[in-house]
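Thanks for coming, everyone. Please have a look at the fold on the screen, and then we'll walk through it.

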Amino acid sequence: MGGDESVQTWCPSGEAHTPESVVLGVRSGADGSVVYLADPVPAAEVLGSVPADIEPRRVLRFASHCVSDCLHRRGTDCTLVERVLTRPVARETGSVPRCHLRTQCQWWTQIGVDACLRCPAVATRHHADDALAELVADPATTKEQLDAWIAASS
């Protein structure tokens, strides 16, 4: 990428309905972790298959372009991934999941392997009873608030 600011990065917790959106993975298993697809699938090809009474982001993870007017942007950085780093590592093995997005991923570009290790646990839409996920998703939450919540919960 060589410092070229014009390179378009992708958000691994992106919108489902933008023209470029792709399905990054499927939420699966008891813990709802993301199982990544081997190859991107345009979101438009998948959205019609999701039953009308299910919010697509509850079962699928989408990737879309990282945009400058996102609530989670601070300059060229994503503050969401900074808050995601407070979550426990999602994978036991220490190896990063296979991901077709990595070379253009904002989180990978900004943080590297630590973001990839936590990425499978991220839900674009989370359950309302997951207080930590709600704090992480809130752009107003500071790292200090997250650290305090985690310390109080231990």
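Start with W10: its bridge partner in β4 is H65. This is a predicted model, where local features need pLDDT of at least 70, side-chain atom pairs count only at pLDDT 80 or more, and totals for chains, interfaces and linings use all residues. Residues are numbered from 1 along each chain as its sequence is written, and side-chain values use heavy atoms, leaving out hydrogens and water.

Back to the strands. β1 and β4, residues 60–65, run antiparallel and are joined by 2 bridges. Two strands pair if DSSP finds at least two bridges between them. Strands of a sheet pair through backbone hydrogen bonds, either parallel or antiparallel.

Now the sheet. What is the strand order? The order is β1-β4-β2-β3, an open sheet of 4 strands with antiparallel pairing. Its edge strands are β1 and β3 (33–42), each pairing on one side only.

Next, a loop. P19 sits between β1 (10–11) and β2 (22–28). Is P19 buried or exposed? P19 counts as exposed because its relative accessibility is 84%. The cut-offs: buried is under 20% relative accessible area, exposed is over 50%, and partly exposed is in between, with a 1.4 Å probe and protein chains only. P19 and A44 are 25 residues apart in sequence, yet their C-alpha atoms are 7.8 Å apart in space.

Last, the whole chain. The protein chain has 7 helices and 6 strands. Helices (H or I, at least four residues) and strands (E, at least two) are DSSP runs, numbered from the N terminus. Of the 154 residues, 38% count as buried.
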